[in-house]
Amino acid sequence: MGFGRFIVVRVLNALLVLVIALLLVSAIFSAEAERELRGRIEEQITNQLRNNPQLLRSMTQEQIAQWKAEQREILYRRYGLDKPLWQRVLIYAWDQLRLKLGKSTSIQSLSGSSDVATIILEALPRTILLFTTAQIITTVIGLILGLKAAQSAGSLLDKSLSVFALLTASLPMWWTGMLFIIIFSYYLGWLPSGGMISTPPPEGSLAQMMDIGYHMILPVFTAVFVSFGAWAYTARSVVINQFQEDYVMAARAKGVPERRVIFSHVLRAAAPPIVTMMAFGIIGSLGGAMISEIVFNWPGMGRLYWIAIEQRDVPVLLGNTTISVDLYLLVVVLMDIIYGFLDPRVKVGAAAKL
Amino acid sequence: MALLEVEGLKSYYLTSRGEVKAVDNVSFDLERGESLALAGESGCGKSTLGFSLINLLPPPGRIVGGSIRIDGIEVVGMPEDRLRSEVRWRKISMIFQGAMNALNPVHTIGRQLAEPLVFHQGVSWADAISRAREYLELVGLDPDIVNRYPHELSGGMKQRAVIAMALLEHPDLVIADEPTTALDVIVQAQILNLMKSLKRKLNLSIIMISHDLAVLSEIADRIAIMYAGKIVEIGPSEKVYGNPKHPYTQKLLGAIPRLRQKQERLEFIPGAPPNLLNPPAGCRFHPRCPSRFEPCDRREPELVEVEPGHWVACHLYSW
């Protein structure tokens, strides 16, 4: 079957992209990672020597230098630093591909673990919670508003929507976030200015969930505020285009109830572009908006990335990048599959292109 | 009583620059089993007239006056939900211009055909689909295409499916808006023959809208020529086609290339159709008319019967 082959090709394609991306990222980061590693090895040797005063006293300067060189060689071999650079890049990439993300150099998870996977798995759900919630709210409000505007094209609602969309879409989210923090947190004192949970956290899981929800209000509101206008405007154009299609006119001429015309003909046919927009919105949100997470002090993927850069924690940087690329490609492949079901033309077209 | 009676119909597009009088004071009748052709240049209001008959003008179009009675029921001013449940598709159905786009690409053929049956008559989807299969067979298609999607069919097949869709609820009147425009000549002939035989078999009344007079004379009992929102000539096909009276009709027929007869050059009508925002006073054709005379730019000509059943709106015959 053509569509099955199409999916297989898309998956292989995604894997190829993944390998290339991981090789590139490993190549970029490996030099930095090694400099870091060499530094740590030096430190380790010095510490060893310092912690062993007897050994230190029993050796001459030359012997100390020689001992250091021996230790260095042993450790270099252990960490693979004796191999040529290209081989080490391949090893890094292979580890990333297998999701063997290694240990962080300085960042620790909440539970004190320095396992990169644990650190990321801690940050990822928080980002999903915040931005995916915002994305879903944006999508729902945007679709409803866009549909309403399209149904009454040229009306006051429609015109004010386009102005509002232009206005809010040009506001950077972090700037709006700061503005809202000033208004709602400092002046009005209604909402917390940042963080995910109060310190100390309230007792009981229900109370904790409520507390997290309370902390989410401002960032979610900000994210929705800056994006739902543009969303509605885009949905409006898609739907207006649909309204002008002959088959929508035909459905109305057939005497089909208007609700069904809207849902079964207009929205159903408009689904592919709308789903694409949604998928990209979700992909974008998974990476976490770095600056926005910092503004709201939200401990998600974006903020983790920033901290990793600041602290030169290469394993975390690499792992974060790998997970982001994995998720991105996963969504793209999923979207290809969904697309085939939403638009029967895709299956044939896709099969024909192979 | 005629099946369809249209009297003084006015359909305007209410734009910010003024009223576009796309259909202005049009009257005609249609008997059961009869076929009428509506012909004219692009923008003369023939499609607007077609959509007015099911009271489904795209905004800002509106019927602003006159009356349309189908089977004695007044359509103008009828509430939307009654139009939907009683008139559209049950009394009057449509075969759309450019069948390519009249079918929704994301639904199967069967679903789209069966849809109105389900909503109007409350039959189950399964029964409605089996009825769709019957009608697909009637128009010469494999009934199994109920499970296919529009993009899997050729242009001619789609046009046949659209015809089957129009017939499914046994309408009294079928409006065919340029049903053969996007098709090649061979398929065009097949579709026209199909429509002719369906008309005989089902005793259908058809209003066929086209700018292609040759196609129209094939199928129509009567022809109505429209110019700038008005009917300027209406009568039996062979009379209008063979012996046109209105100068516009004569020019229009002169503009058709003929293979058999020797033609020095293809005629054309100088000038352009008038702006319907502000049509010329008197006869709307007078600025382009070769035989205009004194009253033409002052008085609007009425339709007069020049021979039995053949009506012309021109001062040449009424002055």
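Which residues of β7(B) are buried on one side, and which on the other? The views below get to that, starting with the whole of chain B. This is a predicted model, in which local features need pLDDT of at least 70, side-chain atom pairs count only at pLDDT 80 or more, and totals for chains, interfaces and linings use all residues. Residues are numbered from 1 along each chain as its sequence is written, while chains are lettered from A and ligands numbered from 1 in the order in which they are written.

**View 1. Chain B as a whole.** Chain B has eleven helices and twelve strands; these are DSSP runs, numbered from the N terminus (helices: H or I, at least four residues; strands: E, at least two). Its C-alpha trace spans about 65 × 50 × 40 Å along the principal axes. Of the 319 residues, 47% count as buried, meaning that 20 or more other C-beta atoms, placed from the backbone, lie within 10 Å of a residue's own.

**View 2. Strand β7(B), wrapped up.** Strand β7 of chain B covers residues 173-177, and five of the five are buried, so the rest of the structure largely encloses it. And the opening question? L173(B), I175(B) and D177(B) are buried on one side, V174(B) and A176(B) on the other, which leaves both faces covered.

**View 3. The neighbours of β7(B).** Strands count as paired if DSSP finds at least two bridges between them. On that count, β6(B), residues 92-95, runs parallel to β7(B) and is joined to it by four bridges; here S93(B) sits opposite V174(B). Strand β8(B), residues 205-210, is also parallel to β7(B), with five bridges, and its M208(B) is the bridge partner of A176(B). To get from β7(B) to β8(B), the chain passes through helix α7(B), residues 185-202, in a right-handed β-α-β crossover: with the strands pointing away from the viewer, the path from the first strand over the helix to the second runs clockwise.

**View 4. Where chains A and B touch.** The contact takes 17 residues from chain A and 22 residues from chain B, where contact means C-beta atoms, placed from the backbone, within 7 Å. On the chain A side, α9 (246-253), α10 (258-286) and α14 (344-353) each give two or more residues, and α9(A) has the largest share with five.

Definitions and conventions:
Contact = placed C-beta atoms within 7 Å. Buried ≥ 20, exposed ≤ 12 C-beta atoms within 10 Å, placed from the backbone.
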